[in-house]
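Here is a short briefing on the structure shown below. It takes one residue, then one chain, then an interface.

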Amino acid sequence: MSAYDKVLAARDTKKPTSRDYIKAMFGESFIELHGDRSYADDKAVIGGVGMLNEMPVTVIGIEKGRNTMERMERNFGAAHPEGYRKALRLMKQAEKFHRPVLCFVDTSGAFCGIGAEERGQGHAIATNLMEMMTLKTPVLSIFIGEGGSGGAIALAVADEVWMMENAVYSVISPEGCASILWKDSSKAAEAAEALKMTAQDLFDLGVVERILREPTAGDRKMFESLKLLICRTFEKNLAVPVDQLTDLRYQRFRKIGKVK
Amino acid sequence: MDLFAFIKPKNELEQSAETDVKKPYVPDEMWEKCPECGTLLLTTDVEENCQVCSKCNYHFRINARKRIAMTADKDSFVEMDAELVSDNIIDFPGYDEKLEKSKKSSRENESVICGTCKIGGIDVVIASMNAEFMMGSMGSVTGDKITRAFEYATEHSLPIIVFTVSGGARMQEGIISLMQMAKTSGAVKRHSDAGLLYITVLTDPTSGGVTASFAMEGDIILAEPRALIAFAGPRVIEQTIRQKLPRDFQTAEFVQDKGFVDRVVDRRKMKKVLTDLLRIHNYGEAEI
């Protein structure tokens, strides 16, 4: 598969969305919690609490929607500032009760629009980056589809970042990159190659810790083993003193692109 | 004089005048045209006026060195990490050439200059971004230098002032540039948790990954008049929503109205405002 094939696979509308993951792993125990407490409830971001096996967990996911109606309602997984603020509110809640935070990332990017700018898209993302870095509870982010730039990293300042084998994560979409650099968006395939945005590339660059086999909808066994893996990681990180945990998190990012 | 001169188009009039009267030689660099109101200004006057148009108050874009010279007390600036240069980490086509070109044209090694200085006699760490280097885009060295500046400030209990100007993350460094948003934010947070003051000054233009990280993380966020401050640039938004944006959208004044900038400050008053803010936060007392 070429890099651009991976991009297309990451965008495939038939693959499981955050809701599918939450449903498959949390089942009936998931209780959705709405709103950012200052403006609105952004439906592009789903959040709440639930039990992962025996463990209470806060789970947050960017939701693209599974059919046209849902995609419209979810704004195609492009969150507004209130979406990122809702996510942060739930993370702070998790910190208070020392519950691990699990994030699912699947977005082409933070929404670009008048309202998003007026309500401080940049500020909302920046605040998440800052606060997540010192969140005193384990954080794990899993990329299940597209990881579009600032809108993705706003939910990915974590102790570990995992990616599905066909997920991508990039500073800019290959189409955007091609049209800016070469004034030709049809060169997206070349740009995808150049950007090193596939899970495999990112693993080699030391940006992600783990590449996962992707479950298909209804594949109970795969979801079960993923659940087990997540639980084990949280157990391990819950045992680490929080100051040490946040220091490790800082060092994880500190070393990326560090100049000798 | 030509009887019909008055009905000739203006440019033709000017042309004929030029051939008739020998104009004194005026070197181009003596004049600067204000991009906002079109007034021709004497370069020396603009220089004296902190690179602000005396007629319409337009703030000319200035480079990082000039910015530091305007802000720091005379001869107090000591640069840090000046020798750091970017690598083509992900082997991006054309990036090596682009870096070389930027280095040559800007005569700088990267898109940010960091160091220590005194402002009104008060010790601070200062970082000033440079639009002349790849439009102030944030690569790994930019991110690393800013992170180092914050770490230095934290270690030495110093306040920090950052002047931002940036087109955003540098796509030629792929994901590594995106990671700098988290890295710098982490360093800001540690500085903040140590109870130290961070002031950002947003200048024209500040956008993308810089807006969505350290630019918006200051305890106090100042901005220069009419500076463009955005997450997504106006062209990207217009393409997305397929409608024209209002003229004042995303100016410093607009962003202040929306509640994301503390104060729009005229460049000529910037040093005084910064000094006053530092004093109010109890810095520099030992000097007195």
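This is a predicted model: local features need pLDDT of at least 70, side-chain atom pairs count only at pLDDT 80 or more; totals for chains, interfaces and linings use all residues.

Residues are numbered from 1 along each chain as its sequence is written, while chains are lettered from A and ligands numbered from 1 in the order in which they are written.

**Around B:Lys66**
- B:Lys66 sits in helix H3 (residues 64-71) of chain B; helices (H or I, at least four residues) and strands (E, at least two) are DSSP runs, numbered from the N terminus.
- Between B:Lys66 and B:Met171 lie 105 residues in sequence and 27 Å in space, C-alpha to C-alpha.

**Chain A**
- Chain A has twelve helices and eight strands.
- Its C-alpha atoms fill a box of roughly 50 × 45 × 40 Å along the principal axes.
- Of the 260 residues in chain A, 55% are buried.

**Interface**
- In chain A, 38 residues are in contact with 42 residues of chain B (contact: C-beta atoms, placed from the backbone, within 7 Å).
- H6(A) gives the most to the side of chain A that touches chain B, with eight residues.

Key: A residue is buried if 20 or more other C-beta atoms lie within 10 Å of its own, exposed if 12 or fewer, and partly exposed in between; C-beta atoms are placed from the backbone. Two residues are in contact if their C-beta atoms, placed from the backbone, lie within 7 Å.
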